[in-house]
Amino acid sequence: MSRSQFDALAEDYDAARPSYPDGVYQALEDTAGPLAGKLVLEGGAGTGIATRQLAARGARVVAIDIAARMLRKAREHSPEACFLLADANAAPLRDGCVDLACFAQSWHWFFNDDAAREIARVLRPGGFWAAWW
């Protein structure tokens, strides 16, 4: 049974949603340094639009979503990434392991107080949080 209303939309999301502008990733690198080799948590990954763009820049991506069909679509595009069927409000990651936590058009779906504490927990000292719409 799906835990997400978005599972029914996985095919449509995958077919119709555009990628994000290169400027988003340039801004990330200008702030956090090169993405290559960084461990990046993508919360609310959906069909993996940002996952594939982060991976193309050499990031090691852990993509988390509560929608199984969305993650299956994401895996088709980025088999090198790690995909977790989980809620980023309670990420199944160890403390201080992530260089960058990002939310591509998804932060508004999270319980902001809980999610902010969780992201602070998994970010390494000096790590970065980013969200874009």
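Against which elements do the buried residues of helix 2 pack? I looked this up in what is a predicted model, and I found that the buried residues of helix 2 pack against helix 3, strand 4 and strand 5.

I then listed the buried residues in helix 2, which include Val-24, Tyr-25, Leu-28 and Ala-32. These residues lie on the same side of helix 2, because they cover an arc of only 90 degrees around the axis. An α-helix has 3.6 residues a turn, so residues three or four places apart point the same way. On the face of helix 2 turned away from its buried side I noted the exposed residues Asp-22 and Asp-30. Just after helix 2, I recorded a positive phi of about 90 degrees for Gly-33.

Next I turned to the largest nonpolar core, which has 23 residues, and to those with the most contacts inside it, namely Tyr-20, Tyr-25, Leu-28, Ala-50, Leu-54, Val-61 and Trp-132. The elements that give two or more residues to this core are helix 2 (22-32), helix 3 (49-56), strand 2 (60-65), helix 4 (68-77), strand 4 (98-104) and strand 5 (123-132). The largest share, four residues, comes from helix 3.

I also looked up the contacts of Ala-50, leaving aside residues up to four places away in sequence, and found that Ala-50 touches Tyr-20, Tyr-25, Glu-42, Ala-104 and Trp-132.

How values were computed:
Residues are numbered from 1 along each chain as its sequence is written. This is a predicted model: local features need pLDDT of at least 70, side-chain atom pairs count only at pLDDT 80 or more; totals for chains, interfaces and linings use all residues. Side-chain values use heavy atoms; hydrogens and water are left out. A nonpolar core is a set of buried Ala, Val, Leu, Ile, Met, Phe, Trp, Tyr and Cys residues joined through side-chain atoms within 4.5 Å. Buried means under 20% relative accessible area, exposed over 50%, partly exposed in between (1.4 Å probe, protein chains only). Contact means heavy atoms within 4.5 Å. The arc is that of the directions from the helix axis to the C-beta atoms.
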